[in-house]
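Here are my notes for your review. Please read them alongside the model.

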Amino acid sequence: KRLMKYLLLLLFSISSQAEWNDWHSENKELYKNLVVLNIIDVYQTHYVLNEYPSAEEKNPFLGKRPSTQKLILAKAVALYGVYSTLDGHTRHTKRRTLKTANATYMVVVINNGYIGFDLQKKF
């Protein structure tokens with residue numbers, strides 16, 4: 001339950017920026033999709049690390065067994081960085097960048113799913 005509270009806080013914190021109102025609706029949706037993909041990534045990582053003691057996080061910045069709070073903080077900082085960086089760019093640049101980021105994170109989420117599935121098969 002605590003994890004879900006953190007994830008929902010992360011999801012709803014994106015609209016607290018004043019400049020958000022200036023974003024085109026398509027780019028808002030793309031950014032929200034990026035947030036959701038990051039939430040799924042955190043959940044998958046949390047699940048695998050808790051269910052399989054031999055599993056390790058591969059991101060060298062997070063360490064092999066990061067806490068859920070560390071995962072969420074890293075995602076929040078990264079998403080804020082993306083938002084801040086894109087805020088001053090054109091609608092077209094935002095859309096192109098967000099589509100690329102979403103495609104990249106979709107691959108990450110799918111890969112995490114395969115890792116979890118492989119671990120389940122082994123045990």
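1. Accessible areas here come from the Shrake-Rupley method with a 1.4 Å probe. On that basis the protein chain exposes about 8000 Å². Carbon and sulfur atoms supply 60% of that area. Keep in mind that this is a predicted model.

2. Overall fold. The protein chain has four helices and zero strands. Along the sequence the pattern reads α-α-α-α. Of its 123 residues, 33% count as buried.

3. Aromatic pairs. How many aromatic pairs are there by the ring-centre rule? The count comes to four. One of them joins Trp-23 and Tyr-83. Their ring centres lie 5.0 Å apart and their planes meet at 15°. Planes under 30 degrees apart count as stacked, so the pair of Trp-23 and Tyr-83 is stacked.

4. Where that pair sits. Trp-23 is in the loop between helix 1 (2-12) and helix 2 (25-51). Tyr-83 is in helix 3 (residues 68-87).

5. Tyr-31 lies in helix 2 and Tyr-83 in helix 3, 52 residues apart. This pair, too, links distant parts of the chain.

6. Burial of the tyrosines. Are Tyr-31 and Tyr-83 buried or exposed? Buried means under 20% relative accessible area. Tyr-31 has 2%, so Tyr-31 is buried. Tyr-83 has 4%, so Tyr-83 is buried as well.

7. The cluster. Ring pairs link Trp-23, Tyr-31 and Tyr-83 into a cluster.

8. Surface patch. Which residues make the nonpolar surface patch of about 310 Å²? They are Met-106, Ile-110 and Tyr-114. Ile-110 lies in helix 4 (residues 91-122). Partly exposed covers the range between the buried limit of 20% and the exposed limit of 50%. Ile-110 has 42% relative accessibility, so Ile-110 counts as partly exposed.

How values were computed: Residues are numbered from 1 along each chain as its sequence is written. This is a predicted model: local features need pLDDT of at least 70, side-chain atom pairs count only at pLDDT 80 or more; totals for chains, interfaces and linings use all residues. Side-chain values use heavy atoms; hydrogens and water are left out. Helices (H or I, at least four residues) and strands (E, at least two) are DSSP runs, numbered from the N terminus. Buried means under 20% relative accessible area, exposed over 50%, partly exposed in between (1.4 Å probe, protein chains only). Rings of Phe, Tyr and Trp (its six-membered ring) pair if their centres lie within 6.5 Å; planes under 30 degrees apart count as stacked, over 60 as edge-to-face and the rest as tilted. Patches are made of residues with over 30% relative accessible area and no salt bridge: like charges are joined within 9 Å, nonpolar side chains (Val, Leu, Ile, Met, Phe, Trp, Tyr) within 5 Å. A salt bridge is a side-chain nitrogen of Lys or Arg within 4 Å of a carboxyl oxygen of Asp or Glu.
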